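Subject: Structure handover

Hello,

My notes on what turned up in it follow below.

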Amino acid sequence: MKKRRLVALSMAVIMSVSTLMGCGSKDSSTSGKKQVVEFWYHAADEKSNKAYEELITKLNASQDEYEYRYTGFASKDFPDKFQMAIATKTMPDVISTGFGNVMTYVAQDALVDLTSYYEKWDQKSDILPQTFDSLKALGGGKIYGMPFNYDQQICYYNPALFEANGITEVPTTQAKFLELTEQFGNREKGTYFYSLRGVKPSDNLFAWIFTYTDGAGYKGSFFDENNQCIINKPEFVEALDVYASIYKNKWVSGDSVNNDFNEMNAEFSAGTSMFVMHNSSGRRSISTTLGEGNFKQTKPLANEEGRYYAPSMQPQVYCVTNNKGADANYDGAVKLCQYLAGKEAVSELCQVLGRTPVNTACYEADWYKQNAYYPLYGEIMNDPNYVQIQNPYWLMTYANFIKSDMTTDFQALLLGEKSAQQVLDKWAQFLTEEQAKYLQDK
Amino acid sequence: MKGKQGIKKVIFLYLPVIAFIIITLAPFYWMIVTSLKHSTEVFSRPLTYWPKEFTFENYSKLFSGFGFGRYFLNSFFVSITTTLIVIVLSLISGYAMSRYKFRGKGFVYLLLLCTQMFPAVVLMIPLFETMNSLRLINSLWSLVITCSCTNLPFCLFMMMGYYNSIPRSLEEAAQVDGCSLLKAVFKVLMPTMLPSIIATGSYAFINSWNVFIYATAFITKKEKYPIPLALNIFQGEFNTDYAGLAAGCVVALIPVLILFAMIQKNLSGGATSGAVKG
């Protein structure tokens, strides 16, 4: 009797929960007369989900032609999820993605060329021209995404720790930085001046070696006039050796070799270090963990000539996926991209997410003018000493290369398993070969 | 003499046990303490081993803004349903594999063993295609079906081991006394196997409670997220809400802890009862 009751109870629980869950899936491409347009955001968290849901609700209320649907994915889940969608031909209509991933998706024929739509866009003139140039260079003349924000490479420091350690001047040059790194790196006490990034180090690493060598006279390009990669020239090898010596000399924590952004930020926020190099989008995280007002920003480190090199404008973009074939009508998807890259949406998102807009119409708004951090980014953008490093993201394999190979090689260098020359020779050879393939295909 | 033995006991029993307990509990302690701190205190230096200022904000945020209750229910549904399906099927099939000789039994055995050798990533695309054609994408049933299928072979092996450890004469005696085969299995064998059933069920429950890889493939709608997928939202592109994540992990852990507390007695016996054939 007891068992029967137990079974009956279990079944009842499952049935009720199942009813509550609404376990069935009822999806269709049209909702009533409206055409459904699915949008996947690539780096969702609680705040961005709320902001996007509100924007999409507004857009749906403003027109009757399309029903826009939003889904946010955690940044760690998105690449796998979208790869699966490409493989199984179940792509949404619109995705957002980082600049570095665009050509990986283009290589899989997953994105639509938006050049003609971009040319007709009424807010085109508001977009930062550098962004437009970067996107065009990326796509070999074609534009595959509508830009909405960009990351400016900067340095963060902890003014309270600077004061406590008697550092009166914020380092502006690599030489001064090295001096401080040596002076305050103390493994016995577990305190350091700097937090080095060992995982996905490309932005910091290239900023360092290009600045150190003054780009070897190639103005931030990875290639010479014969399309040979220049980064294994002796001056670059010396630059990389100097950068790796920070770790080898124990001026940074032993864990640095495994530092990704989160670990680097953890060291900085815990007061283990007092100086980090990262981009402007990391500000929200630092602000959450260290507290607003407890950190300051400064320009990237310069060389003896006063010039500093940092990655070129690499905006995050909204892309239309090639889920209906080349000749299909993508108006609904493009409208969503233009709406989300437009002044109103970008204003709302950048305020909430602490990002830097590329739509210059936002620069006149009070929220932008009153922000304490944006003036520095504007200053850098217009600084004649700022030289943009032209990361070759147009090479389909570059994004994967910097995520995997570069991390492994840089870690091997830090641990003394490879020399700077070996590492840079390997990278240069790879990039030269990939560039040759790219030019051949073009 | 007594004093010497006492010292020996301290060195070889109490100290290792205490060290083991500390090592085991330290991460849980840290997780709970982190969940009760403000975000800024998580990284404050010197590190605080006890919150300077207690806050339950991370927990209230979970259920108000984050909608954790929904994710909790989703995980609960997937785990309970999977567990029931796996127990019933492994009970029946385990009996067949243990008691009957049939042509191809060795092949079936090998086939079941092979299913355990594929990593989930390899199965993702074919399973996605299957679920898509069954219109089960964004349905919790896709997870129930997948978790049941992936857990079943191992649970079947476990159950088969338990059946093997019970003498056949037990159900034969019941049949001599007038029981049908099914009655003999359910009335006579099952009560003796209760600890084993609980051990098998726990295995299936915990595996499906922690389902992540398949969930990333089949579930895109936020309202259908199971807990592991929802917890990932705390890790943004350039920021991780460690305090919120810790609170989420604490809540996610509660059902598993309750389950273990309830079945602990049965589990220790059940997990090993089929290990050695008597």
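Predicted model: local features only at pLDDT ≥ 70, side-chain atom pairs only at ≥ 80, totals over all residues.

Phe128(B) sits in helix α6 of chain B. Leaving aside residues up to four places away in sequence, Phe128(B) touches Met84(A) and Thr88(A) in chain A, plus Ala217(B) and Phe218(B) in chain B. For a sense of distance, take Val176(B). Phe128(B) and Val176(B) are 48 residues apart along the chain, and 50 Å separate their C-alpha atoms.

That brings in the contact between the chains. Chain B gives 38 residues to it, and chain A gives 39 residues. On the side of chain B that touches chain A, the elements giving two or more residues are α2 (39–42), α4 (68–99), α6 (120–133), α7 and α10 (213–218). Which of them gives the largest share? It is α4(B), with seven residues. By class, this side of chain B has 18 nonpolar, 15 polar and five charged residues.

Next, a helix pair within chain B. Helix α7 (residues 140–165) and helix α9 (residues 181–209) of chain B have axes that come within 10 Å. They cross at roughly 160°. Angles over 145 degrees count as roughly antiparallel, so α7(B) and α9(B) are roughly antiparallel to each other. The crossing of α7(B) past α9(B) is right-handed. From α7(B), the contact uses Cys147(B), Asn151(B), Cys155(B), Met158(B), Met159(B) and Tyr162(B). Facing them in α9(B) are Met193(B), Ser196(B), Ala199(B), Thr200(B), Tyr203(B), Ala204(B), Asn207(B) and Ser208(B). The residues of this contact of α7(B) with α9(B) split into nine nonpolar, five polar and no charged.

Now chain A. It is divided into two domains. Domain 1 covers 30–150 + 314–371, and domain 2 covers 153–313 + 383–441. Over C-alpha atoms, the centres of domain 1 and domain 2 of chain A are 29 Å apart. Their contact takes 20 residues from domain 1 of chain A and 12 residues from domain 2 of chain A. On the domain 1 side, α4 (102–107) and α6 (129–138) of chain A are the elements that give two or more residues. The largest share of that side, five residues, comes from α6(A). The residues of that side divide into nine nonpolar, 10 polar and one charged.

Buried or exposed? Ile56(A) counts as buried, because it has 20 C-beta neighbours inside 10 Å. It touches Tyr68(A) and Tyr70(A), again not counting residues up to four places away in sequence. Ile56(A) and Tyr339(A) are 283 residues apart in sequence. In space, their C-alpha atoms are 9.6 Å apart.

There is a helix pair to check in chain A too. α9(A) and α10(A) pack at an angle of about 125°, with their axes 9 Å apart. That makes α9(A) oblique to α10(A). α9(A) passes α10(A) in a right-handed crossing. On the α9(A) side are Leu205(A), Trp208(A), Ile209(A), Tyr212(A) and Thr213(A). They meet Glu235(A), Phe236(A), Ala239(A), Leu240(A), Val242(A) and Tyr243(A) in α10(A). This contact has nine nonpolar, one polar and one charged residues.

Last, some backbone angles. Most residues other than glycine have a negative phi. Two residues in chain A to inspect on that count:

- Lys200(A) has a positive phi of about 45° although it is not a glycine. It is found in the loop between α8 (174–184) and α9 (202–213) of chain A. Lys200(A) has 17 C-beta neighbours inside 10 Å, so it counts as partly exposed.
- Ala216(A) has a phi near 55°, which is positive in a residue other than glycine. Its place is in the loop between α9 and α10 (234–248) of chain A. With 18 other C-beta atoms within 10 Å, Ala216(A) is partly exposed.

Best wishes

How values were computed: Residues numbered from 1 in each chain as written. Chains lettered and ligands numbered in written order. Axes fitted to C-alpha atoms, helices over the stretch in contact; angles between N-to-C directions. Helix = DSSP H or I, 4+ residues; strand = E, 2+ residues; numbered from the N terminus. Parallel < 35°, antiparallel > 145°, perpendicular 65-115°, else oblique. Left-handed = near helix turned anticlockwise from the far one by under 90°. Contact = placed C-beta atoms within 7 Å. Nonpolar A, V, L, I, M, F, W, Y, C, P; charged D, E, K, R; others polar. Domains from an automatic or database assignment. Buried ≥ 20, exposed ≤ 12 C-beta atoms within 10 Å, placed from the backbone.
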